[in-house]
Each structure stands twice: as structure tokens, then as C-alpha cells.
Amino acid sequence: MHVRLHLSAPCIPWQAYAVNIWVDADACPAVIKDILFRAAERTGTRLTLVANQPVRIPRSRCIKFVQVSPGFDVADNEIVRRLAAGDLVITGDIPLASEVIEKGAHALNPRGELYSADNIKARLNMRDFMDTLRASGINTGGPPTLSQSDRQAFANNLDRLLTRHANSS
């Protein structure tokens, strides 16, 4: 597997309480990335975007980009390989969120929904059901566009998670 690491600026030692945020960046909306960039700078939190295509990132000591080889789930597998318990993963990919939760980390989707051990099984079942419908030729449509309330829910839950983690250290 080929992995290229792009740093926007040299990293400095992270605070002892710093949680790592991992972003499944191939499908992450630009507006959500912007929220994450601002939060990383404001809190000094390490933010790593992982994708199989180049992603623009601002110059920052807190933000880096990892480019992985093209292929199915290569970015997801890289995130799972690198994350630690307590880290936060931003993804709309429900199977990835399930793996993240199994490793003791947190998963937040771009619409602001925090996946948990209590709700991930139901989300996986619904995803599988919708896949079955699509495979049988039923047009299920796609998700609605990201709304202002989705962005606000994401920003609020991100802030809540970062604050809770900082206060627990």
C-alpha cells in the first residue's frame, strides 16, 4: 500500500489532553472541513484528513493530510489502523463508524449525528435494507443536501465532544 503524508507545517508537541480527529475526507463536504479547520486551530487539536485524492488544507501546525492509494475502503482501513481509543472520526460511512466504535473511538457524521454503540446496529441494518432495495431496482433517492441546521448540529456536537475531552484530561 502506498501512503503519502502531507504536512501543512511542522508539528509541535500536542497537549496531553489533545484528541486526534480523523476525517474520511473523500466524501466530507467542504463546509464541514472548514468547521473542522477552525476547530482544530482554536483548540490545538490534531486533525488528519485521509483520502485517496489530493485535499487542500490550510497551513497549520494542527492539520495534516494523508493520501492513500485508490481503492475500495483503503482510506477507511487507514483511519481504523491509525486511530486510538478516544479519538474522533468524522464520517458518513456507517460500516466505518461501526469499526471506529468497536475500537473505543467516537464517530460523528457530517450532519451532526453521533454514532454510538446504542444506535450503530440500527444504522447498519437500515443501510443494508436500503442497499437491498436499490439492488432490486427501487430508486431510494439520495440524502438531502446538507442544511444549515445540519451544519449547526455538526458544529455543536463537535464542540461538545472537544470540550468534554478537554475537561476530562
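Is cysteine 28 buried or exposed, and what is its relative accessible area? Cysteine 28 is buried, with a relative accessible area of 7%, where buried means under 20% relative accessible area, exposed over 50% and partly exposed in between, for a 1.4 Å probe and protein chains only. Cysteine 62 is likewise buried, at 1%, and the structure holds zero disulfides, a disulfide being a pair of cysteine sulfur atoms within 2.5 Å.

This is a predicted model, in which local features need pLDDT of at least 70 and side-chain atom pairs count only at pLDDT 80 or more, whereas totals for chains, interfaces and linings use all residues. Residues are numbered from 1 along each chain as its sequence is written, and side-chain values use heavy atoms, with hydrogens and water left out.

The protein has five helices and seven strands, taken as DSSP runs (H or I, at least four residues, for helices; E, at least two, for strands) numbered from the N terminus, and their order along the sequence is β-β-α-β-β-α-β-α-β-β-α-α. Of its 169 residues, 43% count as buried.

Helix α5, residues 148–168, has 21 residues and reaches 30 Å from its first C-alpha to its last, close to the 30 Å expected at 1.5 Å a residue, that span being 1.5 Å times one less than the number of residues. In α5, Asp150, Phe154, Asn157, Leu158, Leu161 and Leu162 are buried; they cover an arc of only 130 degrees around the axis, which puts them on the same side of α5, the arc being that of the directions from the helix axis to the C-beta atoms. The cover over these buried residues includes β2 (20–24), α1 (30–43), β5 (88–90), β6 (106–108) and β7 (114–115), while the face turned away from the buried side carries the exposed residues Gln148, Ser149 and Asn167.

Notes. Contact = heavy atoms within 4.5 Å.
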